[in-house]
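Trainee: Could we go through this chain together? I would like to begin with the overall layout and then look at some contacts.

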Amino acid sequence: TALPIWKLMAVLATFFVSLVLLTPSRGLYFHIPETAKKCFIEEVPDETMIVGKYRVQPYDDGVKGYLPSSVGIGMHVEVRDPADKIILSKYYAGEGRFTFTSHAPGEHSICLHSNSTRWFSGRRLRIHFDLQVGEHANDYAQIAAKDKLTELQLRIRQLLDQVEQITKEQSYQRYREERFRSTSDSTNSRVLYWALIQLVVLVLIGFWQMRHLKKFFEAKKLV
């Protein structure tokens with residue numbers, strides 16, 4: 001049986017909205033002191049490949065600008081999963097790329113710092129950083145050359161990868177909703193228990209005050 005028109009439109013709308021919400025790549029550059037560390041938080045589903053590309057440019061006082069490449073300066077990359085477990089910790093050259101795959105959904109911490117051992121350094125570094133997540137991390141030109149795919153086959157491969165990434169994103173959103181619901185239920189239960197404890201304490205205090213006033217009036221022979 002064919003799907004009703006409104007259901008088909010709802011499925012298509014969900015598909016295209018998910019495509020828009022997917023993050024392709026994030027290219028930026030930032031400045032840090034030579035001995036400083038810069039960290040990023042990336043929220044990704046499980047079993048998702050992340051590729052980071054970077055390039056370091058040191059500042060040169062002689063030319064009053066940033067050099068096109070770094071000589072003798074490397075970059076240390078450290079990645080931690082949502083459980084704060086290190087899944088990547090490695091030194092790289094002044095320009096390169098790193099790759100890792102998430103094995104748990106949630107926030108992954110990606111930290112970069114140079115391999116400089118200077119205690120005091122006024123030199124600044126400009127770091128170009130590009131982070132690609134999911135199917136956007138795939139090099140489809142290399143895949144097409146390796147598997148000898150036609151343009152149509154390559155496009156189908158890209159669409160399949162996008163659908164797979166959308167499925168992972170939807171699963172991750174359900175996982176977040178379940179965590180949020182669990183946290184809300186736990187918070188509501190604690191609020192209820194706290195309200196009950198306050199009620200019991202107020203009743204006990206009222207009972208104690210009544211007894212105290214009764215004894216006071218009896219001692220003064222007012223009752």
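Mentor: We shall take the elements, then a helix pair, then the aromatic rings.

Mentor: This is a predicted model, in which local features need pLDDT of at least 70 and side-chain atom pairs count only at pLDDT 80 or more, while totals for chains, interfaces and linings use all residues. Residues are numbered from 1 along each chain as its sequence is written, and side-chain values use heavy atoms, with hydrogens and water left out.

Trainee: How many helices and strands are there in the chain?

Mentor: The chain has 3 helices and 9 strands, which are DSSP runs numbered from the N terminus (helices: H or I, at least four residues; strands: E, at least two). From the N terminus, their order is α-β-β-β-β-β-β-β-β-β-α-α.

Trainee: At what angle do the axes of α2 and α3 cross?

Mentor: Helix α2 (residues 140–147) and helix α3 (residues 151–219) cross at roughly 125°, and their axes come within 11 Å. Axes here are lines fitted to C-alpha atoms, for helices over the stretch in contact, with angles from 0 to 180 degrees between N-to-C directions. The angle makes α2 oblique to α3; under 35 degrees would be roughly parallel, over 145 roughly antiparallel, 65 to 115 roughly perpendicular, and the rest is oblique.

Trainee: Which residues make the contact?

Mentor: From α2 they are Tyr140, Ile143, Ala144 and Asp147, and from α3 they are Leu154, Arg157, Gln158 and Asp161. Contact means heavy atoms within 4.5 Å.

Trainee: Changing topic, how many aromatic pairs does the count come to?

Mentor: The count comes to 7 aromatic pairs. Rings of Phe, Tyr and Trp (its six-membered ring) pair if their centres lie within 6.5 Å; planes under 30 degrees apart are stacked, over 60 edge-to-face, and the rest tilted.

Trainee: Why is the pair of Phe40 and Phe129 stacked?

Mentor: Their planes are at 25°, so the pair is stacked, with ring centres 5.1 Å apart. Phe40 lies in strand β2 (residues 37–44) and Phe129 in strand β9 (residues 124–133), so the pair links distant parts of the chain, 89 residues apart.

Trainee: Is Phe129 buried or exposed?

Mentor: Phe129 is buried, at a relative accessible area of 4%, and Phe40 is buried at 18%. Buried means under 20% relative accessible area, exposed over 50%, and partly exposed in between (1.4 Å probe, protein chains only).

Trainee: Which residues form the aromatic cluster?

Mentor: One cluster is formed by Phe30, Phe40, Tyr54, Tyr92, Phe98 and Phe129.
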